[in-house]
Amino acid sequence: MKQDETLTRSAFLLAFDLRKERLTNRGELGYVLRAAALAELLLEGSLADESGRARAVTEPADAGTGTLRAIVWEQISGSPPRSWRRWVTKDCAKAVRVVRDELAADRLIRVERHRVLFFPVERIVPRRAYLSRRLAERVGRAIRGGQPVGRVDQDVRVLAALAAAAGTKAVLGRGEARRYRHRIEQLAAPVEPVATALRKSLESRRQSGAAGG
């Protein structure tokens, strides 16, 4: 990934099904994007884990810029410490819009809007599919091994942890999350509170959906 590429943007690009040229599990993407923002803030020291709760520590360099990171930081800094799950699940739809607009402005994706039976429909298409493909390959290799966890680039390591927590299909095949469980736990160690919050939040969402369906 490029030096100026954020985890949130990379997480968005990683969510594409390149065979169908569309996003997978779009209803869950906001959770993953917010988790990516939280992970970045935690790694750089802007946030700290306080007994399972996110606490604001140091203002990030991009505070007030309107990026997803900045939005998440402002929410947490203006609140008493709350659970990581609270911040993973808050304003998920807005998270998708914010990162979508960033990528569209940089011409990394194309947003197609039309109507079907008078209902607005939005389709998001990658303009540079090779970026998503290369990213998925790197993250997949990080999960399956090949080099010691400590030598995996930190951004790839965190994306692998979040992709595993979300069950991202572009990265993990059937049964691989269980097969590589120990490796995934090692990858997730620096952002364990965030990865755990993401996994539990999505498990709860899916269980609610199954019960309702």
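At what angle do helix 1 (residues 7-14) and helix 2 (residues 26-43) pack, and how far apart are their axes? The legends below take up this question first, and they describe a predicted model.

**Figure 1. Packing of helix 1 against helix 2.** Helix 1, formed by residues 7-14, packs on helix 2, formed by residues 26-43, at an angle of about 150°, and their axes are 8 Å apart. Angles over 145 degrees count as roughly antiparallel, and helix 1 and helix 2 are therefore roughly antiparallel to each other. Their crossing is right-handed. On the side of helix 1, the contact is made by Leu7, Thr8, Ala11 and Phe12. Helix 2 contributes Leu29, Val32, Leu33, Ala36, Ala37, Ala39 and Glu40. By class, the residues of this contact comprise 9 nonpolar, 1 polar and 1 charged.

**Figure 2. Burial of helix 1.** How many residues of helix 1 are buried? The count is 8 of the 8 residues, so helix 1 is largely enclosed by the rest of the structure. The buried residues of helix 1 are Leu7, Thr8, Arg9, Ser10, Ala11, Phe12, Leu13 and Leu14. Among them, Leu7, Thr8, Ala11 and Phe12 also take part in the contact with helix 2.

**Figure 3. Crossing of helix 7 and helix 9.** Two packed helices are described by the angle between their axes and by the distance between those axes. For helix 7 (residues 154-166) and helix 9 (residues 181-188), the axes come within 8 Å and cross at roughly 130°. This angle makes helix 7 oblique to helix 9. The crossing in which helix 7 passes helix 9 is left-handed. Which residues make the contact between these two helices? Helix 7 supplies Arg157, Ala160, Ala161 and Ala164, while helix 9 supplies Ile184, Gln186, Leu187 and Ala188. The residues of this contact divide into 6 nonpolar, 1 polar and 1 charged.

Figure 4. Is Gln75 buried or exposed? Its relative accessible area is 16%; because buried means under 20% relative accessible area, Gln75 is classed as buried. The side chain of Gln75 is joined to the side chain of Arg34 by a polar contact of 2.8 Å. When neighbours within four places in sequence are left aside, Gln75 is in contact with Arg34, Trp87, Lys90 and Asp91.

Definitions and conventions:
Residues are numbered from 1 along each chain as its sequence is written. This is a predicted model: local features need pLDDT of at least 70, side-chain atom pairs count only at pLDDT 80 or more; totals for chains, interfaces and linings use all residues. Side-chain values use heavy atoms; hydrogens and water are left out. Buried means under 20% relative accessible area, exposed over 50%, partly exposed in between (1.4 Å probe, protein chains only). A polar contact is a pair of N or O atoms within 3.5 Å; within protein, one must be able to donate a hydrogen and the other to accept it, and residues adjacent in sequence count only if both atoms are side-chain atoms. Contact means heavy atoms within 4.5 Å. Axes are lines fitted to C-alpha atoms, for helices over the stretch in contact, and angles run from 0 to 180 degrees between N-to-C directions. Helices (H or I, at least four residues) and strands (E, at least two) are DSSP runs, numbered from the N terminus. Angles under 35 degrees count as roughly parallel, over 145 as roughly antiparallel, 65 to 115 as roughly perpendicular and the rest as oblique. A crossing is left-handed if the near helix is turned anticlockwise from the far one by less than a right angle, and right-handed if clockwise. Ala, Val, Leu, Ile, Met, Phe, Trp, Tyr, Cys and Pro count as nonpolar, Asp, Glu, Lys and Arg as charged, and the others, Gly among them, as polar.
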